[in-house]
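Please open the structure in your viewer and keep the sequence panel beside it. This tour goes from one selection to the next and says at each stop what is there.

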Amino acid sequence: MKFFIDTANVEEIREAAEVGLLDGVTTNPSLLAKEPGDPTAILREITKLVAGPVSAEVTALDHAGMVEQGRELRSIADNIVVKVPMTLEGLKAIRLLSREDVPTNCTLIFNATQALMAAKAGATFASPFIGRLDDISADGMGLIAQCCTIYRNYGLATEVLVASIRLPQQVTQAALLGAQVATIPPKVLRQLADHPLTDAGLQKFLADWEQVKNRA
Ligand code: G3P
């Protein structure tokens, strides 16, 4: 499973990239709005920190505007993936961009039919938002299971990019279902390596080693 980080904060991305397990980045207008400075400059810096795909979202609502913004975003760097909302106009834009070999990420997916349509349009990634579904008492991970099954049923090449993750165990569940990508908030990414028994075990090893050192 590929790990993407879900942030536009350069320091958080740098810190995660240093571990060596980061495969890509997803941003959106809300994440970029939180960061001071020019969004284009921020995106350019991010594309230099991570060799893998960096999703940058269009804000136009019509397909022609989305395609134009998509081309502009792609001019920032070769590893930019154009993020397009799941609307009929968005599907048209994804189809047109895919004909130009521009990689796309269809965002704001909340049901399996939307995910199927994104794949039929030629999206590189489809992003179901699981946390926002859980927030309204719907079944976010159930949607991931449906998307994985449908894509497998029809041999669709679009990758399921699990978005709106809130908890470490959601990464495990998504991996068990076979989702190709999880985009993970920085806090959850740090939590993934944690286990209280790892900490306790390490403390015990070090304490025992102190006894050995005192023998000399
Ligand atoms: O990048 C899109 C998605 O991951 C947003 O997550 O936490 O705003 O629902 P959230």
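**First stop: an asparagine and its contacts**

Select N28, whose side chain reaches the backbone nitrogen of L31 at 2.7 Å, a polar contact in the sense used on this tour (a pair of N or O atoms within 3.5 Å; within protein, one must be able to donate a hydrogen and the other to accept it, and residues adjacent in sequence count only if both atoms are side-chain atoms). A polar atom of that N28 side chain also lies 3.0 Å from the backbone nitrogen of S30. Before you go on, note that this is a predicted model, in which local features need pLDDT of at least 70 and side-chain atom pairs count only at pLDDT 80 or more, while totals for chains, interfaces and linings use all residues. Residues are numbered from 1 along each chain as its sequence is written, and side-chain values use heavy atoms, with hydrogens and water left out.

If you colour by secondary structure, you will find N28 in the loop between strand 2 and helix 2 (29-33); helices (H or I, at least four residues) and strands (E, at least two) are DSSP runs, numbered from the N terminus. Is N28 buried or exposed? With a relative accessible area of 13%, N28 is buried, where buried means under 20% relative accessible area, exposed over 50%, and partly exposed in between (1.4 Å probe, protein chains only).

**Second stop: the ligand**

Which residues surround the ligand? They are D6, N28, K83, F129, R132, A163, S164 and R166. Sorted by class, this shell has two nonpolar, two polar and four charged residues; Ala, Val, Leu, Ile, Met, Phe, Trp, Tyr, Cys and Pro count as nonpolar, Asp, Glu, Lys and Arg as charged, and the others, Gly among them, as polar.

An N or O atom in the side chain of D6 is 2.5 Å from an oxygen atom of the ligand, and a polar side-chain atom of S164 lies 2.7 Å from a ligand oxygen. N28, from the previous stop, has an N or O atom of its side chain 3.3 Å from an oxygen atom of the ligand. Taken alone, the ligand exposes 310 Å², and the protein buries 82% of that (accessible areas come from the Shrake-Rupley method with a 1.4 Å probe; for residues, only the protein chains shown count as cover).

Zoom out to the whole protein, which has eleven helices and eight strands and whose C-alpha trace spans about 75 × 40 × 30 Å along its principal axes. Of the 216 residues in the protein, 45% are buried.

Select strand 1 (residues 2-6), which pairs with strand 8 (residues 181-184) in the parallel sense over four bridges; two strands pair if DSSP finds at least two bridges between them. F3 has A182 as its bridge partner in strand 8. Strand 1 is also joined by three bridges to strand 2 (residues 24-26), and these two run parallel, with F4 standing opposite G24 in strand 2.

Next, select strand 5 (residues 104-109) and strand 6, which pair in the parallel sense over three bridges; here A126 in strand 6 is the bridge partner of C106. Strand 6 (residues 125-128) is covered on both faces, with F125 and S127 buried on one side and A126 and P128 buried on the other.

C106 is in no disulfide, and the nearest cysteine sulfur, that of C147, is 11 Å away. C106 is buried, with a relative accessible area of 0%.

Most residues other than glycine have a negative phi. D101, however, is not a glycine and has a positive phi of about 60°; find D101 in the loop between helix 5 (88-99) and strand 5, where D101 is exposed, with a relative accessible area of 67%. Finish at L108, in strand 5, whose phi is also positive, near 65°, and which is partly exposed, with a relative accessible area of 32%.

Note on methods:
A residue is near a molecule or strand if one of its heavy atoms lies within 4 Å of it. A disulfide is a pair of cysteine sulfur atoms within 2.5 Å.
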